[in-house]
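The stops below are given in the order in which they may be selected.

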Amino acid sequence: MKNPKFYLIALLMAVFGSCATPENQMEEEVAFKGPQNYWPQAGVTYEIFVQSFYDSNGDGIGDFNGVIEKLDYVSELGAEAIWFMPIMESPTYHKYDVTDYKSVHPDYGSMEDFKRLLEEAHKRDIKIVIDMIINHTSNQHPWFLESKKSRDNPYRDYYVWAQKDTIADFLDKKVITLDSDNIRQWHDPGLGEDYYYGFFWGGMPDLNFDNPKVREEIYEIGRFWLEEVGVDGFRLDAAKHIFPDDRPLDNHEFWKEFRAKMEEIKPDVYLVGEVYDKKEVVAPYLPGLPALFNFDFHYTLLDALNNQDGMLLPKKQKEILDFYQGITPSFIDATISSNHDQPRLLNELGSDPAVYKQASTVLLTMPGAPYLYYGEEIGMLGLKPDENIREPFLWDVEEKDTGRATWIDAEYSTDETVTPLEVQKNDPNSYFNHYKNLIALRNSTPALAIGDLELFEQSFPESVMAYSRNLENTSLAIFHNLGKEEVVLNIPEGYVESIFKLGNTKLEGSSLTLGPNSSIVLN
């Protein structure tokens, strides 16, 4: 439907080839008006692993000052917030096992450096969300070192302990979950008598949240980061595992209490939880965690694209949103196409550039608050183990890339396999420009950002994904052909002009022709 608020800017883009094959050029149209800030409800958040992002001092490890140097890049991309993977002191490279909750890891810089990063980010209207890991600590945390000394130690009850004979039936009994392949939950600290509980592995002993002192410690840590440091919110790791899986109601109640405590400190605090499960398990966490990652979206997106099943994702997403609405009318659906735990998206899609570009087009034209994992915008590659999903960002060709981290020798994302950002910036056909234009379109199109998701009553060819985004008097129709063959379809009345095109598309009246892996947004 025609909306006079839009005006068209036609950009010639080569969107089908990878950035290494610019000869395959198609037209991409983008309609812009003034950008608006839709975070946290619908704005894009950029996930950064500091270790691999930008090294400002030449020690091979990314750091806070390096992130400061690249904040303008985050703004240029169009992201409105940054989620930092763990930044606190830890004995591991990934830092998901904390030894000091009121510190930053010295590899990344000082607390003063981090506070300057916050200040510079806020000057650019970029919010900062940090990983908060409270399900467990490191087994080198001072609390645990005390806890394991004796049964009567004051810190003993900070963790979950059991005598060996009482847990004999559980020592070798464990069903793996989506977020852990650990098959042993109870661990011997070396004395052979009492065992401690660690859901993920022995180096991460679980805290005992039945102990009020533990909860008070955690609330104080939250206060420190919100009040004294000044972050905007937390990504809550392993939110489903605060209590064991057979105590979900206790998990739900804890997060409601946590939210209330944090809102006393910062009324507009942002909380996003990792509950790695299907919608029926995820939804009850919404009253405590107003934003939750939508892992169903990730897996269904992959299935839809790899199997060319057009309506699989829109139907699933509509089902999820309606289900969440039944739990609470106010929630944030944090959608993802990848993150630090999954293989890189391009690998998951058979390294097909056309399918890869379409994946981002689907993500950024669907409802939700999208998260973008660093490096996806330049087509970085990576498969398990996790280190290879977290390889250094390629800022420029190797001989010019003074800020490229070197803490790991990249196996997948190298100059031979990934075109560095600086080269992509100058190529209108690149992944980077594709992402940048899509985010700009979303940020300047209210119906794409916060409009409702509706499905059309009519049917379309099997490979076609079709849905509308509706807000007040504006309705946008979005069509994606996930298949490898051209399709022709009749569209509903009232949609007369394109505000975005990917690949070969042709609109003649009510007849729409979509080439392989092509997409169009109609107004």
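This is a predicted model: local features need pLDDT of at least 70, side-chain atom pairs count only at pLDDT 80 or more; totals for chains, interfaces and linings use all residues.

Select helix H7, residues 248-265, and display the side chains of its buried residues, Asn251, His252, Phe254, Trp255, Phe258 and Met262; buried denotes under 20% relative accessible area, exposed over 50%, with a 1.4 Å probe and protein chains only. Viewed down the axis of H7, these residues fall within an arc of 160 degrees, so they line one face of the helix; the arc is taken from the directions from the helix axis to the C-beta atoms. Leu249 and Glu264 are exposed on the face turned away from that side.

Residues are numbered from 1 along each chain as its sequence is written, and side-chain values use heavy atoms, without hydrogens and water.

Move to strand S16, residues 474-481, where eight of eight residues are buried. Helices (H or I, at least four residues) and strands (E, at least two) are DSSP runs numbered from the N terminus, and two strands pair if DSSP finds at least two bridges between them. Strand S15 (residues 464-471) runs antiparallel to S16, joined by eight bridges. Strand S21 (residues 518-522) also pairs with S16 in the antiparallel sense, over five bridges. Centre on His480: the residue is the bridge partner of Met465 and stands opposite Ser519 in S21.

Note on methods: The expected span of a helix is 1.5 Å times one less than its number of residues.
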